[in-house]
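Trainee: I have a model open and would like to go through a few local features. Can we start?
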Amino acid sequence: MESPRVGVVRESMLHRPLLIKPTLGKTKSRGLSCPGSDFVYGTATTVHDGGVPEAISNWQTHTMSTRHRTAERDFIALNREGVKSGLVTAKELHQYRATHDIRRQPATREAFRRSAPPRITTDASFGVSNRPSTPISELMEYKYAQRWLEEQQARDRVLRAHHHKKAQLGRIQDTRTTLLRKSLPLPEAPSMWKLPRFQQVGPALDTFRDPEARKKAMIAHHSESASRRGILGQGTYTVD
């Protein structure tokens, strides 16, 4: 049941998809006309052979035809000859290919036979070879575990020998006494110049708790200043 139309119904209304109205309960038509019920879709199959009798009596073989074939240009040979002539840039090789022509030889049946892979012998076998069978006697006697245990013990002995040798050849840690013995005496730096009236003036601040603490700090500083860098002897140790 199609929706009623008002006015003139033109033929284009039945072919243009935008003008076609959908029918109730059916899909919308695309405006294409289909052939009748006696039309057969598809392509006709034409067989020109004579069936099994003709195939048995006369076997047709295809032969390679080299007629009506133009030989292709051999660009590899052209580039090789161009390089032999001393041409190395792309522009020179392009000009050489434009002025020279080398064609490839047409393919023949003998060439295909030469390029074919060699035939496989009748006694050749394909696939992956099986792994050797596991000796049951060694499994029953627990030889694999014993072998692994012996390897681990040998490796442990080698590691212990290496650590023992390394401990014997190790370097002894330096102490303050050894550092003082290895230290080099530093040249005495000249004292800074002061005005005569300020040479006898003492420091303005005294940060030590008592004179005894000041004395101990000065003695410690004096004992280590010989092995330290810097003008005041407060740098790093001077060790060779």
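Predicted model: local features only at pLDDT ≥ 70, side-chain atom pairs only at ≥ 80, totals over all residues.

Trainee: Which residues are buried in helix H2?
Mentor: Ala 77, Leu 78 and Gly 82, in the helix spanning residues 75-84. Buried means under 20% relative accessible area, and exposed over 50% (1.4 Å probe, protein chains only).

Trainee: Why do they line one face of the helix?
Mentor: Because the buried residues of H2 fall within an arc of 135 degrees, seen down its axis. The arc is that of the directions from the helix axis to the C-beta atoms.

Trainee: What covers them?
Mentor: The cover includes helix H3 (90-99). On the face turned away from the buried side, H2 carries exposed Ile 76 and Lys 84.

Trainee: And what caps the N-terminal end of H2?
Mentor: Asp 74, with a side-chain oxygen 3.4 Å from the backbone nitrogen of Ile 76. After H2 comes Gly 86, with a positive phi near 95 degrees.

Trainee: New topic. Is Glu 224 buried or exposed?
Mentor: Buried, at 15% relative accessibility. Glu 224 sits in helix H8 (residues 211-224).

Trainee: Where is Met 140?
Mentor: In helix H5. Met 140 is exposed, with a relative accessible area of 69%.

Definitions and conventions
Residues numbered from 1 in each chain as written. Heavy atoms only, no water. Helix = DSSP H or I, 4+ residues; strand = E, 2+ residues; numbered from the N terminus. Contact = heavy atoms within 4.5 Å. Polar contact = N/O pair within 3.5 Å; in protein donor to acceptor, adjacent residues only side chain to side chain.
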